[in-house]
Amino acid sequence: MSLRGLSLRFWVAATLVAFVFLVALVGPLIVSTNPDATVGGLYEEPQCCGALILGADNEGQSVISNLVYGTRTSLIVGIIAGLIGTAIGLLVGLVAGYRGGWVDDVLSAIVNVGLAIPVIVIVILVSVSLPQRNLYTLALVIGFTGWFWVARAVRAQSSSIRTREHIDVAKLSGAGFWSILRRDVLPYLLSYVVMAGILQISSAILFESTLSMLGLGASGTTSLGTMLYWAIQWGSVRTGAWWAFIPPTLMLTLIVFSFLLLQSSLNEVFNPRLRRGRAARKKAAKEGTELETPIEGDDAGPVGSGGFLETPVSAGQDR
Amino acid sequence: MGTLVNAENIRGVYYTEGKDVVAVNDVSIKIEEGEVLGLAGESGSGKTTLGSIISLIARPPLHVEHGTLEIDGQVQELGGHAKIPRTWRGAVVSMLPQGAMNSVSPTKRIRHLVYDVMRSHDSKISKDEALDRARERLTTLGLPARVLDAYPHQLSGGMKQRTVTIISTLLNPRLLVADEPTSALDVTSQKILIEMLLEMLEKRIMSGVIFVTHDLPVLRTAANRIAVMYEGRIVELGPTEIMVERPEHPYTQALMSSVLAPEPAYANTRIEGMSTFDRSLFDAPAVIH
Amino acid sequence: MALAKFLGRKVAWTLVVFFVALLLNFLLPRIIPGNPVDAIVGGLARGGGTGGEQLEQIHQHYMQEFGLDKPLWQQFFIYIGNLLQGDLGTSFGSYPASVGSLISQALPWSLAIQLPAILIGWIVGNLLGALAAFKGGWLDRGAFIGSLFLSSVPPFALAIILLFVVGAQLGLLPIGGAYSFGLTPEFSLAFFGDAITYFWLPFWSLVLVFIGGQAVGMRSMAIYELGSDYVNYNRGLGVKEGHTIRYIFRNAMLPQFTGLALSIAAIVTGGLIVELVFSYPGLGTLLFSAIGTNDYPLISAITLLITIAVLIANLAADVLTGVIDPRIRAAETGER
């Protein structure tokens, strides 16, 4: 994949994502204030230029500090949950699609039920029941409940790959089940898995913030969602303490938006037919517009799910 | 038998990132009334491109830089920003696309397409009239009328191809440009389709056919004349007999000799392949019989 | 008839899923170690609001209601039995109010925002997407970027921003609640006029995001369809553009229906948080306070309601897809 294929959109997205990671990783080093330390009064206004640059929250803690640590927390949960979800979905999808038979039937039934029941419901029920809520349990819960759509998409693709000739060759040469999956099926799915992974992470981050806003967040750690929870609880909106809720909101929006933008720009790289404009059409013509059917996770993906990427829409994948 | 279509000086170029590819390099060709003209060549020779230009469907990234089409005394400019009247498509020159499988929208029945085609050219026609004409055409050519009520996925490959052939000629076009119509079919279906095409010609449903294909043996039975294209130019053109048995251009000779025929005469003969681009073949002067 | 068989299968499937959801709804809160009632009552006791005897009463009541002294499977049947009678239980946090009454007060408000948001969002979003795909050029570019942004913004984020900008700073629309303080809900024009001002911001927060999402999806689908063989063939036969557009729309819409069902789950969830932001007295705020007080019956009832809503939406979308695309009917009923 040459650099030529990466559009302006990709670079913008990549820059934004890099920025987010920078804030999360390097931020806490720059902002040396402890997020739990009291540095000011209740909803004290922002003043230049130290810990109170974004003011103080309802406990008198530094907003900028919480923002930075909160981003880190949200990203950690998002990435862990996202990776778990993608991994499970990939595994289940691969096995179901490639194996076929009763294994496929059972797994597909589970996946379909999982897809039909709104995930948020399960997550709420489980979170409410947990005796203790911390970052990692939260990430686990989100990860273990969000993999269904990945499984379905991967299954569809791996079952079509199963019929390709190179699989027969591999089988004839005596390769084992797992070996074939790893070396002959997986590489075809890689581009999809990357995009699915990005969506999973961004979806997980949103889930975490939703849970936190509902009061089901990790206790003890600040995340962007918990910042908003407290902001709502203490009526910062009414009192006009914008610094309590605007920064986390903007940060969350930035994170989600940049991830989605990244995914959509990568999608155009993998599916030239979706491109537009002269440059795009020329490229598609040159490549002969011969490409696999648009796979799930294309722009029809995080559709209307601003809040939740429950399941990207398939472009005819069900057929 | 006079000239049905006179295509002159056609130049078709694909504008792609980096460089422009000349697919059809100043080609002129005449199609006679009542004939099937085979347009043969390897992939990339420009035959499909020429076919799409003549059937008036060329669009970016394919640009027709210049060329004219003359039918029934009317001259249509093809090059540059020429406006091609919508009504010419389907009614004067019609296309039979490659892969009838996808040429009909999967969510609508065949009769919808038929009605849409007919009323696009005659806004006053009623649905019943349109379908009646279609039924008549279908039965004349030996297809069951219930095909109209079917969805594309309910028809077999051969049936679909024949149905689409009929739809392409519903408006009795003067010229039908068929792009690889037999390539996706089994041998029996191929034969049936070719017979149908010839029958339609006989019945004057259309007055001429350009049969684009890479499948030379098929042309032997289907075409009256064969034009061989190589790298965007017509290198040889002549009656089928001569083209198959006594071709004069070196490329045609190479092409014909690369055809595998399960006949005793070919036993123990070595089939030679061809290199990708042979300058000598390209430079040899064209032969028009 | 193929369609009837198809419908039958879909309904049967929905019921199966519903049963699983019911099971989960029942089981999940109960797999925590310990007796939830003890925990609740213990919590109440610590809160200091209720005295010994009252606590005893409450404890008794819940033990009976949930049959916590009985084996799990019996509890399940009690649960189902209650549900069938429409009895969702008694709220822990707002004892002795019944869950049913609490929900029926909050539900209409949520529906008032969500239903129009979904309907309007879907229609406008898809039209916009299709238009952008056909016209191309600047309209396409602008609409695409705008929609992409809107669709990636979490509804609550948009809600907060709108709230801040329009509500707090510009003071154009009210920032909280569903109607002015002092008024009582009634079916009068005056009340409606007042309530509408409170309605706008939450509604726009949801609908804009939904429009964005639908537009992006539809645009992709339409672009994809525009490059299809049948479009090319139609053009080759001189079919009028208007006719072809109908084919394109129909085919491009199919994935959108599937998407609709899933997006509904997303909108519903998003709506809950939006309500929170605006202190709008719908199910969202109710859920929030229920979580705050560990009010299991209420939480469980709300989640069940959400599940039902989403399942019905799923069913409707599936059926619609089957109606429009004959291949799906055929595949499902084994025709092909």
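**Salt bridges and a chain contact in a predicted model**

Asp132(B) and Arg135(B) lie three residues apart in helix H3 (residues 127-140) of chain B, so about one helical turn separates them; helices (H or I, at least four residues) and strands (E, at least two) are DSSP runs, numbered from the N terminus. This is a predicted model, in which local features need pLDDT of at least 70 and side-chain atom pairs count only at pLDDT 80 or more, while totals for chains, interfaces and linings use all residues. Residues are numbered from 1 along each chain as its sequence is written, chains are lettered from A and ligands numbered from 1 in the order in which they are written, and side-chain values use heavy atoms, with hydrogens and water left out.

The side chains of Asp132(B) and Arg135(B) form a salt bridge at 3.0 Å, N to O, the term standing for a side-chain nitrogen of Lys or Arg within 4 Å of a carboxyl oxygen of Asp or Glu. Asp132(B) is partly exposed at 43% relative accessibility, and Arg135(B) is partly exposed at 34%, where buried means under 20% relative accessible area, exposed over 50%, and partly exposed in between (1.4 Å probe, protein chains only).

In helix H2 of chain B, Arg119(B) and Asp116(B) are likewise three residues apart, and so about one helical turn separates them. Their side chains meet in a salt bridge at 2.8 Å, N to O, and both residues are buried.

Another salt bridge, at 3.7 Å, N to O, joins Arg174(B) and Glu33(B). This pair links distant parts of the chain, 141 residues apart, with Arg174(B) in the loop between H4 and strand E7 (175-179) and Glu33(B) in the loop between strand E2 (20-32) and strand E3 (36-40). Both belong to a network of salt bridges that also takes in Asp72(B) and Arg204(B).

Over all chains the structure holds 15 salt bridges, yet between chain B and chain C the count is zero.
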